[in-house]
Every structure is written in C-alpha cells, then in structure tokens.
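I opened this entry to record what I looked up, one topic at a time. The order is the order in which I checked things.

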Amino acid sequence: MKVRIFIIITVLILLYGAAYWYFELERPKSKIEHILPETSLFAIHGTNLKQSLQAIEDYEWFSIAKSIPFVKTVVDWSDKVDSLETSGKLKSSVTQLPFWISFHSTGSSDITPLYIIESSDFKWNSQNIVTILNTLTGTDYTTSNQLFNGFNLLNVKGGNTQLVMLIQGSYLVISEENLLVEDVVRALENESNRLVDSQYKPFVDGDLQLIVNTKRMNELHQVFFSEDLDRSESVGSVAYLNLSFGAESISAQGTSAGGEVIAKEDASLFGKNLIPITSTAFKWMPFNVGMTDLKELLRGEMLAVSLDMNFSDVAEVLLINTADTVYLRRELDRLSESKTSVQDSTVYSESYLNTTLGYIQQSDFVELLTSGERKMDEPYYAIFQNALILSDNLDALKTIMNEFDNESTWGKSVERRRVLDDLVQETDLTIIKDLDYGSESIFDGLKPVWKEFFSKNPGLKTLLKRVQIQLNSNNESYLVSSTLDFNKGKLIAPIETTNGEDIAAELVVKANAFADTTLVTKPFIVRNHVNSSFEVVFQDQTGAVYLTTRQGEILWKTDVGQRIRGGIHQIDYYNNKKLQYLFFTDSLVHLIDRNGEMVDGFPKSFESPMIINGSAVVDYDNSKRYRYLAKDRRGNISLFDKEVNLLEGWNPKAMESELLQTPFHTRVRGRDAFVVVERTGEVSLLNRRGEFYSGFPKTFDLRFKGDVTLVKGPNFAGTNIALMGEEGMLLQINLEGKVVQEKQLFRPTTRSMYSMVSDVLETGFRIIRNDQNRIAFYDMSGEQEFEIDFDNSGELNVEFYNFRNGKELYAVRDIQRNQLYLFNNKGEQICPVIPASERISILYYQNLSEYEVFVNFANQLNIYAIDAQ
C-alpha cells in the first residue's frame with residue numbers, strides 16, 4: 001500500500017513539473033513591446049542613463065529642470081550609483097543599462113513613473129535587487145511575493161519606501177504603484193493592452209527616444225489643466241520621436257502612426273507679416289471652404305492667431321488666404337447687410353488704416369465657412385494685405401492691422417522671421433506657441449497643485465521660450481517635427497525671500513547720463529524707427545531736451561527755452577514710418593525729428609486760457625490724421641488738429657473743476673468717445689464734437705483719487721469706467737451712464753486714503769490704501785492682495801506694471817522724500833531704496849528675468865538692472 005501511494009505521488013509530481021515547464025516554455029519570451037502598457041501617457045527610452053545625463057548636465061536649462069521632483073530623483077540616484085561604482089562598493093553598472101520610463105495618470109493631478117530596466121550579462125533576481133538597494137540607501141529591505149493573474153510580483157519594503165517589481169526575462173519593472181505593475185501584466189497577457197506593436201524598434205537616433213500615446217493626449221492634459229484639450233483632428237495613435245538636446249533647445253523628430261490619416265491639401269505659411277510679436281500662439285492649417293458663394297474667392301488655408309488682450313481676455317483672430325479680394329468684399333458686404341437685424345438702424349461699417357471694417361451678425365458664420373474647423377461668435381471682418389481677417393473681438397482684429405502698420409510683427413523681426421523661414425513652408429499643421437507672451441494664459445489654466453508648484457519654482461516659468469510643431473501626412477502616418485526653445489541668460493532659482501528681507505545688497509547701475517542741471521521730467525522711453533531700439537528722452541530745468549541711448553550715450557541736446565507741459569509723444573507726422581517727438585510748452589507746440597532738429601513749420605503757437613498741465617495725442621482711425629489734446633489745472637480742455645488749429649467745440653471745452661487726469665480717447669465699435677473725470681465727483685463722456693453722450697454727465701458725492709481705468713468691452717453697455725473714491729468706494733460706470741459696480745472697501749483709520757492705480761501696460765488696475773504707516777493693495781474686484789508696513793510722508797506716486805507670466809511690479813515713490821520702492825506681487829521689496837525725483841519708466845526682459853528701471857534724480861539719468869524675482 002505504501003509503495004502504491006509513493007508511486008502515485010511521484011507520478012503527480014512529475015506530471016506537475018512537466019506541465020509547469022511545458023506552459024513556461026510555451027509562454028513567449030518577453031520583449032519590450034509586450035511590457036509597455038497602453039495606459040502609458042508617454043515614455044522615454046535611452047540606452048545608457050549615465051551618458052544621457054552627462055550629455056545635458058552642463059546646460060543651463062537642465063540646472064532649472066532639476067527642480068522637477070522626478071528629474072531630481074533620477075539625477076540623485078544616478079549620482080549615488082556612479083559614486084558607489086567608482087568606490088568599488090557597487091559592482092553592477094545599473095545606470096549604463098537600456099531603460100524605459102513610462103508615465104501614467106494615477107490621480108486627477110498626479111503623474112507617476114514606471115521604470116523598466118533591461119539587463120545585459122546577468123539575470124535579475126530578488127537577491128541582487130535587494131543588494132543593490134541596500135548598497136545605495138544603507139537601508140535594510142525585505143521582500144515578499146504576490147501572485148497576480150499567474151505572475152509573481154515582488155514587494156520590496158525598506159524604511160519609508162515600498163516598491164512593486166516584476167521580473168520578465170531580462171527586464172525588471174519597478175513602480176511605487178501596484179496598479180502600474182498590474183498594467184504591465186495585462187499588457188503581457190493581451191496585445192490590446194500594449195502601448196506599442198511588434199513593429200516597434202527601441203532605436204535611439206539622438207539622445208533619447210520619446211513615445212507618445214496620442215490617444216491619451218487629453219488624459220495627459222487633464223493631469224495639469226482644468227479644461228479639456230481642444231483637439232480638432234486625429235494625429236495617429238502612437239508617436240515615435242527622437243529627442244536631441246542642445247544648449248538652447250530640445251528638438252524632436254519622428255512619426256505618428258496608427259489611427260486614421262486625414263488627407264488634405266497642405267497649408268502654406270502665409271501672412272507672416274500679419275502675426276503680431278505679442279501673439280501668444282498661432283497655427284496654420286488647411287480647411288474646406290464650406291460656403292458655396294465663397295469657394296472660388298478663398299484658398300483653403302487659414303492662420304489662427306491668439307492674442308492676450310486686456311484683462312486676461314485671450315482672443316482669436318482668423319486669417320484666410322484670398323483668391324479674389326474685389327468680389328470677396330462685395331460678397332461679404334452683401335452678407336453683412338442681409339444678416340443685420342431689424343433692431344439695428346444701419347449696417348456696421350468703420351474705416352481703420354484706410355480699410356473698411358464690417359460685421360456679420362451670424363453666430364455660426366465661421367463654423368459654416370470653415371466646415372466646422374473653427375467656431376467663433378458673430379465676427380467682424382476686414383480684407384487686408386490679401387487676407388480675410390475675422391474675429392469676434394474688434395480690438396483683436398485692429399491689433400493685427402495696427403501691428404502690421406507699426407512693423408511689429410514676426411515677419412518684420414529678423415530673429416522671428418528666421419524661425420518661420422526655417423520651417424517647412426507647406427504642412428498639414430504648423431503650431432507656434434510663444435511662451436514669452438503666452439505663458440500667463442497657460443499657467444492661469446493650471447490646476448491648483450501645479451500652480452503652487454510653478455509658483456515655488458519660478459525659474460521653470462521663465463525658462464520656456466517657444467514651442468513649435470509641424471505635422472505632414474503621408475499615406476500611412478504623420479511626419480512630426482517639433483522644437484522646444486529655452487530662454488538664454490540668467491535663470492532664477494526658487495524664491496526664498498520674505499517680506500522686506502534678503503533683498504539685494506546693492507543696486508546694479510547698467511548706465512547713466514548726466515545733464516547740465518536738475519532734470520524736471522520723467523525719462524520717456526521712445527523707439528528708434530531706424531533700428532527699433534529703445535532710447536530715452538528727458539528735459540532739464542533750463543529747457544534743454546536730451547536724447548540718449550540705453551547705454552547712457554547722449555545723442556543730442558536741444559534747447560526749447562521753456563519747460564515741457566504734459567508728456568513727450570512719438571508720432572508719424574508724415575505717415576512715412578519715421579517718428580518724431582511732439583510736446584507742449586507754455587505757449588508752443590514743438591515737433592522734433594530723431595536728429596534733434598525742429599520739423600518744418602514748428603514750433604507752432606496755440607491758444608489756451610492758462611498754462612496747461614497735461615497732453616495727449618489722438619488718432620481716431622490710425623490714419624495719422626492726429627489730434628492734440630491739452631488740459632489745464634482748472635479743467636479746460638483744448639483739442640487741436642494736426643496743424644495746431646483749435647477745433648470747434650473744444651476752444652476750450654470748460655468743465656466745472658480740476659480734472660483727475662488728462663482726458664483720453666477710446667473707440668468702441670466705431671463710436672469715438674473722450675472720458676473726462678473731475679476730482680470732485682463728476683464723470684463725463686464726450687463725442688468728437690465735445691458734446692455729452694446720453695446719460696452724462698454723472699455726478700457722485702465722492703472725491704476721486706488716483707487714475708481712471710477703462711475696462712473695455714464689446715460695446716458701450718459692456719465697457720466700464722473704473723474709479724476710486726479716496727474714502728474707499730470702488731465705482732464702475734458703463735458708457736451708457738449706468739452704474740454697474742459700487743463697493744465700499746474697509747477703511748481702518750480716518751486718515752486711510754484709497755486711490756486707483758492703472759496698469760501702465762493697460763491690462764487692468766489695482767487699488768492702494770495708504771495709512772501712512774502701512775499700505776495695502778487690492779485687485780480689480782476689491783480683494784486684498786497684500787498689506788505691508790510702510791512709513792511714508794503721505795504723498796505717494798504709485799505705478800503698477802503687469803508684465804504677465806506672474807511678473808507684476810509695484811513702484812511706490814515717496815514724492816516728498818524722493819525715494820522709490822519696488823515690490824513684487826507678494827509685497828516683497830526686490831531691491832534697496834532708489835533715489836528718484838520724477839516718475840520712472842521700466843522695461844522687462846523675460847529671457848534675462850530682469851527689470852530695466854529708468855530713474856531721474858538730481859541732474860542724472862540712472863538705468864538700473866534689477867532681478868525680476
């Protein structure tokens with residue numbers, strides 16, 4: 001009996017062993033294409049981690065990239081391995097093995113890596129894995145086994161670290177997340193769960209290989225952003241790109257395969273001279289003209305330009321290449337007339353830059369025109385430079401035209417034109433994102449956790465300069481070419497300063513210029529029309545006017561005999577792209593060319609009841625038919641034509657009391673208006689003849705203080721005049737005379753005084769409260785941004801600069817003490833006190849992360865370089 005039992009047990013053992021080896025041998029030998037799971041958002045592959053890191057460790061951008069936790073972890077572990085290998089404590093060259101790092105979404109805002117390492121002349125086992133970990137960390141590790149779908153997972157624990165591993169032939173899979181290793185098992189079991197197919201070749205023709213799961217692009221986008229990714233078409237299933245690293249960029253070249261390849265005619269890179277330098281993004285793409293009446297008049301290619309307008313409003317402008325501008329104009333005008341609602345008495349039409357602008361009151365017009373490629377609300381239109389320009393934001397449309405006229409476009413910039421000319425000139429899709437101008441709108445869309453991350457690592461925000469992507473289709477795939485450019489120069493480290501502490505030990509003076517006597521104006525930054533460089537104009541107390549370079553070289557000095565009243569304005573008097581300097585003195589209007597010579601016919605005398613104290617230049621339709629506006633301290637407003645003749649209705653226009661600031665002009669949907677605000681509480685809106693608009697004047701029981709800000713909207717009802725009462729009342733009135741906001745801010749003491757501070761760059765406003773021993777700043781909704789101790793004389797001049805991308809600067813000058821303080825948007829003082837006797841001017845260089853501050857004090861202009869932290 002015992003013998004029979006023994007024989008049976010022996011047979012069962014043999015059968016079990018035979019079955020095990022049969023099924024083990026039948027299981028296909030694992031390859032990397034079997035292991036990479038389809039749940040991967042993207043993966044990077046390299047043949048030697050040590051060499052990859054050595055190739056980029058000296059680049060400036062990589063020193064900033066190491067603030068990313070994942071990058072820092074990889075670098076730290078690589079450094080440890082290298083150190084132990086050098087000392088002989090570690091025999092295995094782990095960092096010199098082929099590797100894949102796959103990234104997965106493991107939460108609404110989380111992205112987690114999965115590591116895969118391929119051994120060469122040894123086999124992975126739990127013992128050598130634990131040995132390597134013990135040597136690297138000095139921590140004892142324990143292991144335990146876990147069975148998942150017939151695969152043996154290895155749990156490794158040590159200290160606060162818990163890892164899950166899977167050994168498949170020569171591949172070791174590692175992750176902190178059990179789920180990701182289970183995804184690998186699913187990929188091993190089922191081909192549909194794999195990222196790549198059998199055609200994949202782990203070949204690196206560059207520094208690294210990047211594998212992008214294009215089917216999961218929206219999932220990747222949702223890790224970082226609150227809104228879904230706007231994708232208009234498929235670009236394959238998986239993209240295989242070879243990455244090449246350089247000192248100033250990372251380039252990626254390869255193909256995107258799988259999915260449906262949509263065959264279209266290529267779009268040419270037209271309209272380069274119509275892309276403003278300030279564009280946040282733009283892209284060329286082909287499309288099918290969806291409206292029969294316009295098919296023969298338009299070419300099937302469009303250029304979509306994104307512009308970051310005032311108050312963080314990103315507007316899109318479409319430019320479509322034309323085939324026949326004459327008949328196109330007739331057809332659009334016919335459409336405009338036919339679509340005008342019965343409530344509108346006339347068809348909208350406006351002349352701008354000698355071009356007629358129109359309006360089509362049809363919300364799906366652009367969608368129908370582009371066969372669903374783009375959507376836009378009721379569009380304004382213009383035919384300009386052989387392009388049809390469409391936008392539902394009239395100011396954005398005018399910006400395209402105005403920047404062309406100012407030659408401030410990508411096509412007119414030597415550096416940017418070179419970027420465009422180096423691209424393939426006909427493609428299925430070309431995308432450019434300019435992060436110098438567009439990163440703020442990107443960062444505004446981030447989820448809170450990522451906003452906090454970039455706030456703690458500001459160097460990453462200033463690091464990125466530009467992204468460009470091109471796609472070209474062939475029969476089976478897309479050819480992909482892309483580049484990520486980095487800013488040159490100084491890259492800032494994370495901010496560690498606190499309010500009023502750790503500021504620069506001394507000021508850095510880049511340049512200065514000395515006048516003969518005390519300076520009496522601010523330094524006005526002007527543009528050299530010959531080479532587009534910035535220059536500086538100012539005046540001393542004897543009446544001498546100076547033009548200097550940013551390097552402090554005095555180019556000329558001319559004596560005008562009287563003190564300048566108001567500002568110094570650059571105009572194109574002859575409409576020939578050459579700029580002159582216009583300004584008022586006590587009794588004369590001067591116009592000086594860039595060589596310091598008076599223009600023929602100038603100076604011209606003008607009539608005014610008393611000495612003026614403010615001036616402005618108005619160009620209604622950008623036609624260079626200028627108007628010159630002047631005000632005096634009693635509230636009289638004079639308006640002159642281009643030849644300094646007083647205009648009817650403005651000779652002068654007498655208001656009731658002193659004005660809060662120089663009146664300014666605005667145009668809203670073809671209607672011109674002048675905004676006039678008196679300190680004593682009266683608000684007026686005047687037309688071009690000096691007559692009051694309906695609903696004005698408006699009188700308030702307030703004493704206004706500070707600046708007047710125009711919050712521009714699509715029409716008179718949606719455009720607001722923002723004002724601040726000195727006792728804390730925030731007021732907004734629309735151009736129809738209706739009060740749209742009244743908000744009383746808390747006044748902590750009876751001596752606390754509020755005033756409005758308009759953004760010098762016209763993106764909005766801030767509010768300051770001055771308690772004389774403290775100051776506080778508030779945003780446009782009246783919410784406090786920061787409050788700091790600040791002893792002062794009570795007489796402050798405050799300027800606010802929103803350079804976007806998180807770079808906000810508050811310049812606070814104590815007028816009586818001639819002291820200038822600069823604060824960032826956290827209320828931190830970013831440099832020592834600067835002596836200053838006049839208002840200042842500032843330029844910001846994002847690529848250097850540096851402010852250039854122009855300050856007049858005594859008889860000298862000083863130009864300071866200040867770190868933009």
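I began with the aromatic rings, and the structure holds 41 aromatic pairs. The model is a predicted one, and I kept that in mind throughout.

I looked up Trp61 and Phe62 next. Their rings form an edge-to-face pair, with 6.0 Å centre to centre and 85 degrees between the planes. Trp61 is buried, and Phe62 is buried too.

How is the pair of Tyr754 and Tyr778 arranged? I noted it as tilted, at 5.8 Å centre to centre and 45 degrees between the planes. This pair links distant parts of the chain: Tyr754 belongs to strand β44 (residues 753-758) and Tyr778 to strand β46 (residues 774-778), 24 residues apart.

Is Tyr754 buried or exposed? Its relative accessibility is 0%, so I put Tyr754 down as buried. Tyr778 has 7% relative accessibility and therefore counts as buried, the cut-off being under 20%.

Charges over rings came next. I found the charged end of Arg330 over the ring of Tyr327, 4.9 Å from the ring centre. I also found the charged end of Arg669 over the ring of Tyr359, at 4.4 Å from the centre of that ring.

I turned to the nonpolar cores. Which members of the largest nonpolar core touch the most other members? I wrote down Leu294, Phe365, Leu369, Leu388 and Leu390, out of 63 residues in that core.

I picked Leu390 and listed its contacts, leaving aside neighbours within four places in sequence. Among them are Val317, Leu318, Ile320, Phe365, Val366 and Leu369. The list also has Glu316, Met376, Pro379, Tyr380 and Tyr381.

My last topic was a sheet. I noted an open sheet of 4 strands in the order β48-β49-β50-β51, paired antiparallel. Why is one side of β48 and of β51 left without a neighbour in the sheet? β48 (796-802) and β51 (834-835) stand at the edges and each has a single partner strand, so one side of each lacks a neighbour there.

For β48, I checked its pairing with β49 (residues 808-814), which is antiparallel and runs over 7 bridges. Within it, Val798 stands opposite Val812 in β49.

Methods:
Residues numbered from 1 in each chain as written. Predicted model: local features only at pLDDT ≥ 70, side-chain atom pairs only at ≥ 80, totals over all residues. Heavy atoms only, no water. Core = buried A, V, L, I, M, F, W, Y, C linked by side-chain atoms within 4.5 Å. Buried < 20%, exposed > 50% of the residue type's maximum accessible area, 1.4 Å probe, protein only. Contact = heavy atoms within 4.5 Å. Pairing = 2+ DSSP bridges. Helix = DSSP H or I, 4+ residues; strand = E, 2+ residues; numbered from the N terminus. Phe/Tyr/Trp six-rings, centres within 6.5 Å; stacked < 30°, edge-to-face > 60°. Lys NZ or Arg CZ within 6 Å of the ring centre and 35° of its normal.
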